[in-house]
Amino acid sequence: MMQVKLKEKNLQLRKKLKAERKEKKVFSNALAEMKKGFGVKVKELSILSRIGDSISSSLDEKTVCESIINILISEMTAENCSVMLVSDDGKTLRLKAVQGQTQPRPRYFSDDKVSTVIKVGVGIAGKAAKTGKTVLVRDTAKIRGFKKLKGGIKTISSLLCIPITGKDGLIGVINMSHPSAGEFTREDERLFNLISNQAALAFDNIKLFIKVKKMAQDLERLVMERTKELRDSEQKYKNLMKYGSDAIFIVSVKTGKISNCNEKAGKLAGRPPKKLIGRHLKELFPKNRINSAKELIEL
């Protein structure tokens with residue numbers, strides 16, 4: 001009887017121990033997931049912080065493009081990264097910066113340098129640009145017509161393309177790729193979207209700076225043109241007063257007083273021009289009783 005009770009008790013203890021082990025495993029797995037999630041969040045904050053510090057205050061396109069690529073290559077699993085910007089007419093994407101497997105640092109293409117140009121809607125990057133949505137390709141081997149790289153460079157298998165969209169619409173596309181399939185996940189896509197938002201702010205700031213700079217240049221050019229016109233007009237006025245064959249009086253319409261006159265006018269009035277300035281016309285032509293410049297014109 002005693003042995004039966006001991007067996008039952010042992011059985012209960014084993015069940016309880018098994019249940020506790022199971023509960024411990026569940027708790028351990030949950031803790032591991034939490035730590036993993038925490039690690040992901042820390043990584044995201046680190047990348048966003050670096051992106052923000054590098055490009056938020058920059059007004060230089062080259063610096064922004066190179067900073068984005070530098071950070072993505074160093075922080076994520078991508079072996080290739082590029083930034084493409086949309087043309088002014090919105091029809092094409094032009095490669096502005098790239099870093100590949102054989103390049104130690106990003107290469108930037110200024111407007112006067114030849115680089116890759118694709119139509120919006122063509123290819124994977126073009127599709128991301130046209131739809132405004134991220135395109136994640138886990139294995140390019142499953143995509144018919146995908147071009148393989150030449151020159152000894154590893155074939156691209158994983159690809160992640162995300163559009164950069166600013167307040168005025170499409171700005172460009174960021175591309176990341178890897179020679180191994182399945183390297184990018186939906187978590188990478190989510191982080192990539194956050195990075196894209198930071199990039200959009202930076203490029204919007206650059207556009208605004210360029211716009212303001214152009215307005216300032218246009219205003220400066222306009223001021224210079226108007227200044228030249230005023231100088232030319234002033235010179236013509238001086239030449240007319242000095243070399244004109246007629247007597248010229250500059251008279252205030254309101255007061256009828258002389259503000260300026262030339263040598264011919266002085267001879268006509270019989271006085272030096274300097275002594276005529278500030279005098280009223282009626283003093284020069286008392287017989288005609290002139291009280292204003294308007295009356296003089298009507299004579």
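User: Which residues of helix 3 are buried?

Analyst: Helix 3 spans residues 123-131, and its buried residues are Ile124, Ala125, Gly126, Ala128 and Ala129. Buried means under 20% relative accessible area, exposed means over 50%, and partly exposed lies in between (1.4 Å probe, protein chains only). Just after helix 3, Gly132 has a positive phi of about 75°.

User: What makes a stretch a helix or a strand?

Analyst: Both are DSSP runs, numbered from the N terminus: helices are H or I over at least four residues, strands are E over at least two. By that rule the protein has eight helices and nine strands.

User: How confident is the predictor, by pLDDT?

Analyst: pLDDT is the predictor's confidence in each residue, from 0 to 100. The protein averages 80, and 76% of the residues score at least 70. Residues 149-153 stay under 50, and the model has three contacts for them beyond four places in sequence. Where pLDDT is low, the predicted coordinates should not be read in detail.

User: Why is Asn80 called buried?

Analyst: Asn80 has 11% relative accessibility, so Asn80 counts as buried. Asn80 lies in strand 1. Contact means heavy atoms within 4.5 Å. Not counting residues up to four places away in sequence, Asn80 touches Ile73, Gln99, Gly100, Gln101, Ile156, Asn175, Met176, Ser177 and His178.

User: Is Ile248 buried or exposed?

Analyst: Ile248 is at 17% relative accessibility, so Ile248 counts as buried. Ile248 sits in the loop between helix 4 and strand 8 (249-251). Leaving aside neighbours within four places in sequence, the contacts of Ile248 are Leu240, Met241, Asn260, Cys261, Asn262 and Ala265. Ile248 and Asn262 are 14 residues apart in sequence, and 5.7 Å apart in space from C-alpha to C-alpha.

User: Why does Asn260 count as partly exposed?

Analyst: The relative accessibility of Asn260 is 22%, so Asn260 counts as partly exposed. Asn260 belongs to strand 9 (residues 258-261). Beyond neighbours within four places in sequence, Asn260 is in contact with Tyr237, Met241, Ile248, Phe249, Ile250 and Ile277. Between Asn260 and Gly278 there are 8.3 Å, C-alpha to C-alpha, and they are 18 residues apart in sequence.

User: What about Lys62?

Analyst: Lys62 has 37% relative accessibility, so Lys62 counts as partly exposed. Lys62 is in helix 2 (residues 61-75). Phe109 is 47 residues from Lys62 in sequence, with 8.3 Å between their C-alpha atoms.

User: What makes a space a pocket?

Analyst: On a 1 Å grid over the protein atoms alone, a pocket is an open set of points with protein on both sides within 12 Å along at least five of seven lines, whereas a cavity is a set where a 1.4 Å probe fits but cannot get out. Lining residues have an atom within 4 Å of a point. Grid points are joined across faces, edges and corners, and a volume is the space filled by probe spheres set on the points. The second largest pocket holds about 610 Å³.

User: What lines the second largest pocket?

Analyst: Its lining has 23 residues, of which Glu61, Leu85, Asp88, Lys207 and Ile210 lie nearest the centre. The elements giving two or more residues are strand 1 (80-86), strand 2 (92-99), strand 7 (169-178) and helix 4 (186-243). Helix 4 gives the largest share, eight residues.

Key. Residues are numbered from 1 along each chain as its sequence is written. This is a predicted model: local features need pLDDT of at least 70, side-chain atom pairs count only at pLDDT 80 or more; totals for chains, interfaces and linings use all residues. Side-chain values use heavy atoms; hydrogens and water are left out.
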